[in-house]
Amino acid sequence: MLQRIENQLRRGEDVDKYIIKDFENTIHMKPPDVRGQNALPGLARRFPKVIITGMQKCGTGALKDAMTRSPYLAWSAHGESHFFDRQQNYNQGYQFYLDLQPEVGPEVTVFDKTPSLLTDSTIPPRVYAYNPNVKIIVILCEPAHRTLSHYLHAKAMMKSQEEENHNRHFNHDRMHLMNSDSFEEVIDSAISEIFENEEFVRSAVFDMKNEFRAHQATRAAFYRYVANPANFERIQSIPIQLVQRGLYGYYLNQWYNLFPKENILVISSTDMSQRPAKTIQAVQEFVGVPQTIDASNFYWNNETQHFCVMGPEETEPHCSRPSKHRSGNFEINPRTKILLNRLYQSVYQDLVDLVGRDLFADWGYE
Ligand SMILES: Nc1ncnc2c1ncn2[C@@H]1O[C@H](COP(=O)(O)OS(=O)(=O)O)[C@@H](OP(=O)(O)O)[C@H]1O
């Protein structure tokens with residue numbers, strides 16, 4: 001298995017020179033019997049054949065809600081498994097993962113949705129070691145807006161955790177930033193930290209007087225930062241995560257290096273949001289289940305400005321909750337938008353090289 005992963009990782013080029021390959025001690029070497037378990041007759045827990053790996057805050061919840069309307073698709077009643085990305089879960093092995101799954105018939109495909117999987121370099125080899133035939137779904141959204149949505153989400157989570165006096169998986173040492181600082185201040189401080197040792201790039205990114213031309217240097221410095229093992233712990237802190245998780249091309253490349261292209265479906269959050277029926281039809285085709293979810297399962301909700309999903313008959317409709325924390329209620333200030341655009345435009349081509357530009361025309365990057 002290890003040799004197979006190493007051979008696969010050698011296929012990629014260019015972006016790969018920044019990629020971490022030191023995963024030997026981080027994976028379970030013996031794969032589970034996915035095929036045998038999933039072929040059991042009658043009701044049984046079944047291993048996920050499909051994983052929605054991201055992107056966090058890009059509409060993974062809406063995608064999951066729509067998918068679970070199909071009688072041929074099911075996900076865990078425990079919610080996001082965090083099996084591959086939380087060491088305490090992964091250490092417990094595949095039986096632990098199986099125990100989280102729903103009991104369903106053999107005609108049902110179980111899927112996992114854990115949107116924090118996409119942007120952690122240790123995860124793709126773990127998922128490959130689990131099942132090299134697994135199908136991966138990734139939903140992507142405009143990365144600058146994603147940082148805002150992630151910030152609001154983190155703040156709201158932190159507030160509710162404080163209220164519950166509940167110390168879950170947040171890094172409280174660094175969370176002081178989130179308590180007092182505005183979104184703009186948090187982004188400034190994250191960018192300063194990422195380019196702490198890259199004076200030329202840092203000055204260029206923050207320079208509002210001159211046209212930004214340092215795309216190549218910014219890309220290289222950003223990738224050096226995320227690939228440096230000395231930064232792995234810092235990357236887990238919310239201020240850095242907000243910015244680092246927009247490196248879609250860099251992280252997607254690690255999945256494409258391991259898995260066949262036809263096993264990865266990348267969709268756009270704009271499509272999910274504006275054309276949910278078409279999107280979910282593409283998902284059903286990719287997963288290989290009968291087309292049971294179509295336009296009749298969606299209706300527009302003016303209050304949330306999103307489609308709600310309904311059906312089959314015996315189930316309640318579901319609409320995303322209107323909330324004052326929704327990023328659609330906020331504007332990013334123009335200077336912060338420029339900073340974030342400079343970063344993400346510097347790395348945009350790596351994403352385009354993998355999945356083309358058609359999906360992202362509405363980002364305004366061209
Ligand atoms: N129905 C529907 N269709 C498409 N997109 C929708 C829908 N409802 C919500 N949204 C968007 O999803 C954003 C939340 O993304 P996630 O569900 O991936 O968040 S999470 O990572 O699971 O917390 C969420 O971001 P925020 O509004 O900032 O919360 C929305 O932009």
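**Close-up views of a predicted model**

**View 1. Strand 2 meets strand 5.** Strand 2 (residues 50–54) and strand 5 (residues 109–113) run parallel and are joined by three bridges. Strands here are DSSP runs of E with at least two residues, helices are runs of H or I with at least four, and both are numbered from the N terminus. Look for Ile 51, whose bridge partner in strand 5 is Asp 112. This is a predicted model, in which local features need pLDDT of at least 70, side-chain atom pairs count only at pLDDT 80 or more, and totals for chains, interfaces and linings use all residues. Residues are numbered from 1 along each chain as its sequence is written.

View 2. Five strands line up in the order 3-5-2-6-7 with parallel pairing (two strands pair if DSSP finds at least two bridges between them). Strand 3 (73–75) and strand 7 (264–268) are at the edges with a single partner strand each, so one side of each has no neighbour in the sheet.

**View 3. Helix 14 crosses helix 17.** The axes of helix 14 (residues 248–258) and helix 17 (residues 334–355) come within 7 Å and cross at roughly 35 degrees. Axes are lines fitted to C-alpha atoms, for helices over the stretch in contact, with angles from 0 to 180 degrees between N-to-C directions. Helix 14 contributes Tyr 248, Gly 249, Tyr 250, Leu 252, Asn 253 and Tyr 256 to the contact, and helix 17 brings Val 347, Asp 350, Leu 351 and Leu 354 (in contact means C-beta atoms, placed from the backbone, within 7 Å).

Conventions:
Two residues are in contact if their C-beta atoms, placed from the backbone, lie within 7 Å.
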